[in-house]
Structures are given as C-alpha cells and as structure tokens.
Amino acid sequence: MPVPDRSAISASDTVVELTGVWKRYRQKQRSAQLREVVRTMLRPTVRTIEALRGIDLQVQRGEIVAYAGPNGAGKSTTVKLLSGLLAPDAGSVRVFGLDPVRDRVRYVRRIGVVFGQRTELWWDHSIAASYEWKRVVWDVPRDRYERMLGFVKELLGLDEFFHTTARELSLGQKMRADLGMALLHEPEILFLDEPTLGLDVLAKRQMLQFVKDLNRERQVTVMVTSHDMSDLEQLAGRIVMIHHGNIAFDGDFDQLRRAFSDRRRLLIETAEATAPRLAGADLLHSAAGRHEYVFDASEVKIAALLEQAAAQAQVLDVETHRADIDDVIADIYLRWQHDGKAQALATDAQSSQAQPAAPPAPTDA
Amino acid sequence: MANGLARALLRILQLWRLYGAMDVIWIARDAKTFITWYITDIVVNGAAVTATLLLAERFSGIGPWAKSQVLFLLGYAVLASGLLDPFCNYNVKYVSRRLGRGQLDHTLIQPQPIWMALLTEGFSPLSGTAALLPGLVLLVWATHALHLSVTPAWIAALLLNLLASAIIILAFSYLWGSLAFWAPRSAEEISSSALRTLDQLKSFPLDGLGLGLLGGLLTVLPVGFVAWYPCRALLGIEQSAYQLFTTPIAAAIISAAAILAFRGGLKQYARTGSQRYLSFGHRR
Amino acid sequence: MATMLAPLRRYTKTAAMAATSYVGDSPLFLADYLLRLVRVLVLLSIWRTILTGRGTVSGMTLGAVLTYTLIGEAFAEQLSVRTELGNALWEGSVATRFLQPMSMVGQFASDMIGRWCFGLCAFSLPLLLLSRLLDVSPQPASPAAGGWFILSLILGTSVGLALEFIFASLAVALEQPIWFIDYVRRAVTTLLSGALVPFALLPEGIGVVFTWLPFASTASAPLRIYTGTGDAVRLLLVQVGWSILLWALARWLWQVSREKLVGFGG
C-alpha cells in the first residue's frame, strides 16, 4: 500500500466522523443469595447500559485528541467502534471515509491500536520475532519496515531488550514494544487506550514524548484515552470528555478549566505556624509555616485572600498557580456524580406521578 | 477470479512459512523443551490408543471387528486427528476458548480475512506433528496384517476420507464453539469438551449401538465419521463402494453448518463485542 | 465454639462461591453434561457388544462392568480430581492465594468441592435415577461395599489432590507451561486410573501392574470396591499408603518450589 503524500492533504480534513452513534450493552445481574441461584439462571435480571447515546464527534488530521471520562463513561467502547471491533447500534462511524466494520481488512492497514491491558506481542517469542510477524502479516515492504524499525527502536529505546521474549519483559518494556509494533506499518491514525497504565514516571514521560514527536514529524493523528489527566494535558491540544454516553465537553484544557471552574492553588508562607483561616479558600495542608490553599478564582479574588491572610499573620512569601488538572477533573466528576444523584431523585419523584418518555430506540446500523 | 485465488494461495503459503519459522524457533529454544515436548507427545498419543489396543488384544477384537481391523481403526483415528494438529495450534481448534476469552479482537485488527488468519495462525509443522508418525505406523501395520489390496484408487479413497474426517473434527469444534459468541463465559470450554468426547470415543467400533444413538453419533455428534464409518468403507465391511463418499459428503454438510453458525456469531459479536478478556492461551 | 467454626465458615463460603460461579450465566455450560451422557451411553453399548455371552471375565460380569462404567461417569469429577491450581499458576495469581487466611490445600480443595456440588445435583443424581432406563443397576455390590466406597472415594480424592500439587510443582520446577503438564497428565491418567477401562478387562499382568500405581487409587480402587470386584481392605490400605507417600512428596516439592511458585505464570 503506498504511503500517502501527506503534504498534499489539507491539514483541516476530517479523518474521524461519528454521527449520532448509539451503543448499548446488556448485563445480567446476579444475586449473592444462594436461594436466588435458580431464579437468576432461569429468569435473569438484565440491565441495559447505554454506553454511547447518539454522540457526534469529528477529528481532524494531525490532531492529538484526549478522550476522557469517568469509569464506564464509554471511552473504550468508542475506541472499539473506531478500531472496527464493534458496530454501532445506530448512527455511523467513518474513518478516512471507511466503515471500520464493513471495510475492516482495508481499514486496519491504516490504523494502529494499542490497548493498555492487552499485548499484541507473542508471549514466548522475542520482540524481534513479533515485529517480523507484524511485517509479514501487514505486508509491510521491507524498506519501509526497516526505516520504521530504526525509528521506533531509537525513540523507544528497544535495543536493550529487542531479543528478549515478551514473557520476560517488565510492563513498561512491553508497553513500549507494543507501541513500536503498532507503528511499524506507518498508520495514519493511532488509537491508544490507556497506554500509560502501570508505567513508572520515566517510562510514561518517554512514551508521551514519543507520541508527540510522531505527531509532529509524521502528522499521525492520535486519539488517546487515559485516566492520567496530567499525561493527557501534556500530550493533547484538545480534550473531549464523555459522561454517561454523552459528550460533555469538547475544547482545550484552558477552556475546560474555565468552563467548570477556575481552580487555583495559593501557597502562603507565614512567620506563625498556625494557618490563617481564609473565607473562600480551603486549606489543603500546613507545615512549618507553609500553608497551601485551593480556591475558585472565578468566585474569590487572590487580593481578597491575601488581605485576609495579612490581617491574621505576618506573610513572608506568596505563590500561586493553577490547580492540577487532576483536581479539576476530580471536581468535574464529583459534580457529575451529584448531578446524577439529583437527577435520579427527580426521576423517582416524577415517576411516582407519571411515566417519563422513553429515549428513542436506536435503529440497526 | 483465478488471479484472486492465486494471490490468496500465495499469501497462505507465505503465512505458513512465517508461522512455521516461529514454531521452529519456539520448540527449539532449548534442548529441554524440545525433548520434553516430543517425549510427552509420544506418551500422550500412545495413551490415547493403548486402552482400545489392550481391549482388542484381550478379546481378540471388539465385537465383529477383528484385532487387525481394530488396529486399522486406531491408526486411522490417530491420523485423522493428527492431520489437524499441525494446522490448529494456539487454540485454533479450540475456538471457543478464543471467543470466550475475548481474544477475537486480536484477529480482527489484522488486515486479512478471518478465515485466512485462522487457517494460518495455528500452523505448527514441528510441534504439531507428533501424532502423524504413530498413526501412520499403526495404519501401515494393520494394512499389512489384513493383506489389504492397496491400489492407487484405494489410497486416493483413504486420503479423501482422512481429510474429510479431519474436516469433520474441526467443523464440529467450530459448530459447538460458535456458541461462545452468545455465552462467552459458559461456553468457553465447549470446544474442548466436545473434542474430548470425540477423542475418547473415536477409537471404538460402534457396531452394536442402538439405531437412535448411532444416528446421533453420525449427525449431531459425528464421532462415527471420525474413524468408524470411513474404516468400514475402506475395509470393505460396507458392501457399496459409494459409502466411500459418505464421509466426504458429511464433511461438506457439517462444514456448511459450522460456517453458518460462525458467521452468525460474528454478526452477534459485531453488535456486542466481548465484555471479557483473558490473555491465557493467546499466542502462548 | 465460634473460633472453632470460623475456619469452617471460610472454607464453606469458598465452596459456596465456587458452586454458584456458573449459575446466573447462560445455561450453555450444561452442554458438557450432555456430552458426558452421550459418552456413558456409548461406553455401555460397547461393553455390551464386547462382553455379551462371555460370562464372567476376570471376576467381572457384564452387569458389574456396566455398573462400574455408570458409577465411574456419575462420580467422574471425584474420581479424576481437578482443582483451580493449574489455572491459578497459569494466570500468575497463585501469589494472591498466599494472602488469603486459609491453607493452600484447603482453599483449592474447598473450591473444588464447591464445584462438585453443582455437577452432583445436575448430572450425577439424574444419571443414577435414570440408570434403570439404561438397564444398569446403580446399586453397590452390598451395603458394606457402599459404605467402604465412600471411604475409598475420600482416600481417592486425597491421592488425587496430592497428585495435583505434585504435578503443579513439577510444572514449576521444569519451567513448562502448566497446560502442557495437564495435557500429559490427563492422557495418562485416563488409562492408568482405570476410569475408562476396568483393569480386569486388560490383558493379564498389565492390569495387575496398573493396580499398584498411584493413579489406580483415584478411580479403580473405589469403583472395584463399589462393584465388589476387589478386596476392599487391601485396596483401602493401598490408598492409605499412597496418600501418605504422595502427600509427603507433595509437601516437599511445594516447599522446594515455593519461591518459584509465587512468580510463576501470568
């Protein structure tokens, strides 16, 4: 398959297009009671989960998109739909204009997929043997393969364990080898599902840098899911947040901060050991005269806080910075949880009076 | 069309070469593995036929089958299974394990049709051939003891029936194994249960079974076609020469059913995916 | 009293969890029982074909052989002991088992017994009830034989469990995949345990040799006691002897492989 001439392609062309995509799962519920065992076998209780509820999403060529959400939000489902492993119950999924399920064989030559919890390596073979297997099965021309092999070996530091069997590698080494393997056929788009799972700080940093270099040098479009928000913030220019199967946010990280809250950290050093009490700010920790607070800058001004601090103690030093993205996301998830509970209570109240309208039934894809 | 077929054949040969090389690398990784594997394979294949052999020895045959005829049956049975083993390693034969453990995704992300992946991924020409020699030895020994007239036509019939029996075993595994698309947890081991039953019963002559049970063993659970029925035809126990084609016809029917079931399962899988994932047995 | 019962509760809870692990899921796992039923029907027919008109063969009548086969299938899980130890080693989750406040043998044994419960209710009992329809007597040779059978079954389970731990330790020591060792063991024990073919029907001498092997203590001994075709006292003593010897070996192998065990698999 010829390498696409990326210089001739408009930088703004859309490579991923999800339109009105629905996906539902059915889960059998099991009782913990022995006396319920026969009933659950003959007439199981089934729970329907709407993993995706009519989502629309577009990704442009060359973007790095972070795809985030709490557990069970629908992230992995989206990646599986985009990888051609699942078909939507309704709506359409198109990548490069292809249907990932119907055009699977043609399609998977152009994508790379890395699942954090699954390896594509051959367990009892060396990385070299697994890579050679990849070359043959994906029919990668020898010269392209050698070029990409050199590239991934250098950037991912694979040389030291290239001839070691996969079984004997550490998790970080396996992940790096998996990432290298996903790239050998020069995919145009890379789907990374939890790629930094279980990696140490250095391994994570190396992997993230590699993905950024890949995107910059080869215009590879990247969609990455992760729970590690600081990783995503380093990597991606755009974040799409999914919640209960809906897209709750689509923008950059600064917009995310502003949209949900403008959380900041304030570090005050005082001559006194006791931390000043600041209205509008929560004390995180205090030790040896250094006190750290968190506050919402959209609701209270730093100047007002400093005024309060100065009134209570001798302020020696002040430091302020944006709240960690993990804090921002945790706040968002917490808010969603509360909203979800409130909605559930409201629904209960309503249903006791009248039947709520059912969501539209998805048509077959 | 001819072009496409030629390309597909070339591709299959190319993949067999790849997997063959990987098999050699794996089994020859150290002397201990190499020796252990072959000794134990001989032991396993020996154990599989010993019970029936000893019974035939003790009772000078089993039912209407003379000792040498039982030997022929055993050789045929071992060879029919043995023909599959070099092509069906890595749970290709026990497909319900792949499906039940959510490992089909690994096949789906490969840029080739699923049938091609399954036809080639399990190719193990070195580690999977241990049953061929004992099977061949038993068959040749029995043929000599029975003074069979070994003509080219007879050999052709033998090969056709052996291939058909091997296909029946595989198709049977896929027919039952496809249930794992709908019930991945419960049906994960259904292929191995089904094939174990086939293995345990394949080397017994089935004369003397009631019509109902025999009918079942020639249809729903085709144990009868693994060795007993084709051997009756090859040994001339059946009067009609057309019986030589019954096993191949059965192979075609069971294969068609298996393909239908598997394709139906794939459609189901595209809708539901797999909520389970276990890496055991995947490329191990 | 509560302190004495606490260990028992742990094991019974483990057994209960194992017993219900398949239930609530699709009933397709019952297909295995269907296949076992077919197997026993075929074996019964084969014995009738071979033995009709031959009278008593090495002390076994056709009736005794049929009962032997029926009981052998009804109690197949008990006569061919399998635990989750193999899977745990393969998954690499044996290490977490050491973190549970139960003995390793106790854990795996209670899990195994739990799994038996469902099979005994769903397959063994119906098969025994249907036996008259199959024209096979499910009754032991005598009430005493029935009683000794239960003791023999317990001893056979003990021998089988010891073999489980021995083979697992060997897999670790030889650094071979556990599925490979299990594959060999399964093939060999089918013949050597006497579960499939009673030793009395094998050529003279061969059956006698097999009788003295440890595998015979797992299946052949209880079945011979049940059908009254073996000296119960002698068979029980052999089982006790193998039980003591094999548990000593299993214990030693386990201790020797302990460190390797923890990191095996996964």
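The following conversation goes through a predicted model chain by chain and sets its values against the definitions behind them.

Modeller: Because this is a predicted model, local features need pLDDT of at least 70 and side-chain atom pairs count only at pLDDT 80 or more, while totals for chains, interfaces and linings use all residues. Residues are numbered from 1 along each chain as its sequence is written, and chains are lettered from A and ligands numbered from 1 in the order in which they are written.

Biologist: How many helices and strands are there in chain C?

Modeller: Chain C has 12 helices and 0 strands, where helices (H or I, at least four residues) and strands (E, at least two) are DSSP runs numbered from the N terminus. Read along the sequence, the pattern of chain C is accordingly α-α-α-α-α-α-α-α-α-α-α-α.

Biologist: Why is chain C called as compact as a globular protein of that length?

Modeller: The radius of gyration is taken over C-alpha atoms, and the globule rule is 2.2 Å times the number of residues to the power 0.38. For the 266 residues of chain C that rule gives 18 Å, and the radius of gyration is 19 Å, which is close to it, so chain C is as compact as a globular protein of that length. Taken along the principal axes, the C-alpha atoms of chain C fill a box of roughly 60 × 40 × 40 Å.

Biologist: What makes a residue of chain C count as buried, and what percentage of them are?

Modeller: A residue is buried if 20 or more other C-beta atoms lie within 10 Å of its own, exposed if 12 or fewer, and partly exposed in between, with C-beta atoms placed from the backbone. Buried residues make up 47% of the 266 residues in chain C, and in chain A 38% of the 365 residues count as buried.

Biologist: Why are helix 8 and helix 11 of chain C called roughly antiparallel?

Modeller: Helix 8 (residues 143-174) and helix 11 (residues 220-227) of chain C pack at an angle of about 175 degrees, with their axes 8 Å apart. Axes are lines fitted to C-alpha atoms, for helices over the stretch in contact, and angles run from 0 to 180 degrees between N-to-C directions. Angles under 35 degrees count as roughly parallel, over 145 as roughly antiparallel, 65 to 115 as roughly perpendicular and the rest as oblique, and helix 8 and helix 11 of chain C are therefore roughly antiparallel to each other.

Biologist: Which residues of helix 8 and helix 11 of chain C meet?

Modeller: Two residues are in contact if their C-beta atoms, placed from the backbone, lie within 7 Å. On the side of helix 8 of chain C the residues include C:Trp148, C:Phe149 and C:Leu153, and on the side of helix 11 of chain C they include C:Pro222, C:Ile225 and C:Tyr226. The residues of this contact divide into 8 nonpolar, 2 polar and no charged, where Ala, Val, Leu, Ile, Met, Phe, Trp, Tyr, Cys and Pro count as nonpolar, Asp, Glu, Lys and Arg as charged, and the others, Gly among them, as polar.

Biologist: What makes up the contact of chain C with chain B?

Modeller: This contact takes 34 residues from chain C and 36 residues from chain B. Helix 2 (31-51) of chain C gives the most to the side of chain C that touches chain B, with 12 residues. That side divides into 24 nonpolar, 5 polar and 5 charged residues.

Biologist: How many residues of chain B are in contact with chain A?

Modeller: In that contact 21 residues of chain B meet 23 residues of chain A. Helix 1 of chain B gives the most to the side of chain B that touches chain A, with 6 residues, and the residues of that side divide into 11 nonpolar, 6 polar and 4 charged.

Biologist: What makes strand 2 and strand 4 of chain A edge strands?

Modeller: Chain A, which has 11 helices and 13 strands, holds an open sheet of 3 strands in the order 2-1-4, with antiparallel pairing. Two strands pair if DSSP finds at least two bridges between them. Strand 2 (45-60) and strand 4 (90-95) of chain A each have a single partner strand, so one side of each is left without a neighbour in the sheet. Strand 1 (residues 14-29) and strand 4 of chain A pair over 5 bridges, and A:Val16 stands opposite A:Val95 in strand 4 of chain A.

Biologist: In what order do the strands of the open sheet of 4 strands in chain A stand?

Modeller: The order is 11-12-10-13, with antiparallel pairing, and the edge strands are strand 11 (281-287) and strand 13 (315-322) of chain A, each of which pairs on one side only.
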